[in-house]
Amino acid sequence: MNDVTTPWILYRPEFLRLAGLAAQADSAVSMMSTWDAGEWGLAVEDLADLLSEHHTPLLRADRAAVLGLAEVFDVSGRTMSALRWCPDLESEDEWWREVEGLPRASAIADELIREIAPGHALYGVPLAPWLECGACDDVLVRLDDENARTGSTPYKVAVVHVGWSRRAEEPPWPATIVFDRALDALDRLEACFRTAGTDKADA
């Protein structure tokens, strides 16, 4: 058995199983075509990107399996970054939760319209609530929503601390940090959650 056929024999059944976790059947078929063409690393990256795009909740065993394939084919860095957007099905304390498409997103958007006054960096900017911190009132909103939805990059996001005051705030409140990369904003939410957890443990 030569080295070229080894990945096909050893890893194809596992990749086929993991591809079944993808939300779109057409994309799963495309990934299998990439795999069968011998582009194994690219196929693993495509799988991670698709799971990330749909925030697919993963069991820890499935997450470990994807990362295991990524290590075999030397694409660990990008794969690890992508899977950070996939919630842990076995965790009771997820450090962010997705609100996009839920009534909660509409409630957040309505409150931000009330709170953001003239002079604020986000005044008049269309906001699309996306994620909410699991430890506080910080929310991640997309600013370039049209670019984000069409897959164009980069697009800007912001972490906004919603005050829930139901009135206009004095700029620069609500406190806001704008990011050029969504991953940087995700780092912010994760740090916030871990800090809150440490504060609770010390209390």
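Author: Helices (H or I, at least four residues) and strands (E, at least two) are DSSP runs, numbered from the N terminus. This is a predicted model, in which local features need pLDDT of at least 70, side-chain atom pairs count only at pLDDT 80 or more, and totals for chains, interfaces and linings use all residues. Residues are numbered from 1 along each chain as its sequence is written, and side-chain values use heavy atoms, with hydrogens and water left out.

Reader: How do you know that the span of helix α3 agrees with its 14 residues?

Author: The expected span is 1.5 Å times one less than the number of residues; for α3 (residues 40-53) this should be 20 Å, and the end C-alpha atoms are 20 Å apart, so the two agree.

Reader: Why is Glu 132 called buried?

Author: Buried means under 20% relative accessible area, exposed over 50%, and partly exposed in between (1.4 Å probe, protein chains only); Glu 132, in strand β2 (residues 128-133), has 3% relative accessibility and therefore counts as buried.

Reader: What makes the pairing of the Glu 132 and Arg 104 side chains a polar contact?

Author: A polar contact is a pair of N or O atoms within 3.5 Å, where within protein one must be able to donate a hydrogen and the other to accept it, and residues adjacent in sequence count only if both atoms are side-chain atoms; the contact joining these side chains is 2.6 Å.
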